Amino acid sequence: MNKQLLQYLPLFLLAVLLSACEQEFIPELPDQPEELVVEGYIEAGELALPPYVILTRSLPFFTELPANELSSLFIHDAEVIVTHNGRETLFEEICWSDFDEDEQEVLSRILQTLGVFEEGVEFDFCVYVDPDFALTGTIGERYDLTVTIGEEVLTSTTTIPPHVLLDSLFFIQPTGDVPDTLRELRGLVQDPGDRADFYRYLVSNNGSLFESGFTSVADDLFFNGQRFEFPIPNSEPRNEDPDPRTFGLYVVGDTTTIRWSNIDEPHFRFWSTLEFNNVNQGPFSSYTRVDGNIEGGLGIWGGYSLSYYSLIVE
């Protein structure tokens, strides 16, 4: 045998031995207790939606749940109360199945217009709302949430902060090897200097759902009190690997709508930690616990002060 080959023989045998001993490793996870999850919002400003609360149960990390079984996660017959200025508003549960086919068709169109669902609802979606639509969000006000499910009580508090309007939005030609049909969107804002402000934005293109980019929130730590120009990346499909050349860019000719909002600090921490986990994945990434504001459960009860801006990409 060639002497040069002989010197590599021990390494070859070691590789064969290691591959022969290789076994699939499936970690054994401890039993994960079921937790109650709250997602609720109250809005003030342009095109504000009525306040609502969604109640569900958590699932173990490796659970697979078909879309047509999502209905089983919703929590029914809970007592949901929002307290504002000493007045209590009892929310009522409504579900998709409560409406007949004609009503569902009309509601589906409304939900698509609002950017809540693309094409109707494929499961029995349930939500708690003010049945009289008397409760509305007011900037500067505090709203306390109490949810009672059997013997369990969940509580939370949110505020609707002052709203900071965008001064302007404009498109620029991106740098680098980018098709001429794409543009970068930038915004300009005059941040107040007398307080901490927290911002969030969502994007809709040609009437699609309002979606976030990989990060949708920011604070004014580095530009408090300044007139500040910043990029507003387009939303990206979550089920596709982004193209670095076109990431965050807008297509010329599209109609883009920006949902621009202010949120309070606990609400900001919820989205910043959630989005950090979404983009920081892989076997060597660090885990960050999502920082919700629900006492006794998981999730968020958050307030928005908001405005909308529509423009054609050119």
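Trainee: Where in this predicted model is the place of aspartate 98?

Mentor: Aspartate 98 is found in the loop that runs between strand S4 (87-95) and helix H3 (101-114).

Trainee: Why does aspartate 98 count as exposed?

Mentor: The relative accessibility of aspartate 98 is 52%, and the word exposed is kept for values over 50%, so aspartate 98 falls in that class.

Trainee: What makes the approach of aspartate 98 to the backbone nitrogen of cysteine 95 a polar contact?

Mentor: A polar atom of the aspartate 98 side chain lies 2.8 Å from the backbone nitrogen of cysteine 95, and the distance limit for such a pair of N or O atoms is 3.5 Å. Aspartate 98 also has cysteine 126 at 9.5 Å in space, C-alpha to C-alpha, although 28 residues separate the two in sequence.

Trainee: How do you know that cysteine 95 and cysteine 126 form a disulfide?

Mentor: Their sulfur atoms are 2.0 Å apart, and a pair of cysteine sulfur atoms is called a disulfide within 2.5 Å, so the pair qualifies. In general, such a link is a covalent bond between the sulfur atoms of two cysteines. A search of the whole structure finds one disulfide, and the link of cysteine 95 and cysteine 126 is right-handed, with 110 degrees about the S-S bond. The pair links distant parts of the chain, since cysteine 95 belongs to strand S4 and cysteine 126 to strand S5 (residues 126-129), 31 residues apart.

Trainee: Are the two partners buried or exposed, and why is cysteine 95 or cysteine 126 classed that way?

Mentor: Cysteine 95 has a relative accessibility of 9% and cysteine 126 a relative accessible area of 1%; buried means under 20%, therefore cysteine 95 counts as buried, and cysteine 126 does too.

Trainee: What is noted about phi of aspartate 77, and why is this residue called exposed?

Mentor: Phi of aspartate 77 is near 60 degrees, a positive value in a residue other than glycine, whereas most residues other than glycine have a negative phi. Aspartate 77 is called exposed because its relative accessible area is 73%, and the class begins over 50%. Aspartate 77 sits in the loop between strand S2 (52-57) and strand S3 (79-84), and, leaving aside residues up to four places away in sequence, touches Glu93 and Tyr128.

Trainee: How is phenylalanine 133 placed, and why is phenylalanine 133 exposed?

Mentor: Phenylalanine 133 lies in the loop between S5 and strand S6 (142-149), and its relative accessible area of 55% is past the 50% limit, so phenylalanine 133 is exposed. Its phi, near 50 degrees, is a positive value in a residue other than glycine.

Trainee: How do you know that the charged end of arginine 200 sits over the ring of tryptophan 271?

Mentor: The charged end of arginine 200 is 3.6 Å from the ring centre of tryptophan 271, against a distance limit of 6 Å. Arginine 259 lies over the face of tyrosine 304, at 4.9 Å from the ring centre.

Trainee: What is the mean pLDDT of the chain, and over which residues does pLDDT stay under 50?

Mentor: The mean pLDDT is 84, with 78% of the residues reaching 70 or more, but over residues 1-22 pLDDT stays under 50, and the model has one contact beyond four places in sequence for them.

Technical notes
Residues are numbered from 1 along each chain as its sequence is written. This is a predicted model: local features need pLDDT of at least 70, side-chain atom pairs count only at pLDDT 80 or more; totals for chains, interfaces and linings use all residues. Side-chain values use heavy atoms; hydrogens and water are left out. Helices (H or I, at least four residues) and strands (E, at least two) are DSSP runs, numbered from the N terminus. Buried means under 20% relative accessible area, exposed over 50%, partly exposed in between (1.4 Å probe, protein chains only). A polar contact is a pair of N or O atoms within 3.5 Å; within protein, one must be able to donate a hydrogen and the other to accept it, and residues adjacent in sequence count only if both atoms are side-chain atoms. Contact means heavy atoms within 4.5 Å. A charge sits over a ring if NZ of Lys or CZ of Arg is within 6 Å of the ring centre and within 35 degrees of the ring normal. pLDDT is the predictor's confidence in each residue, from 0 to 100.
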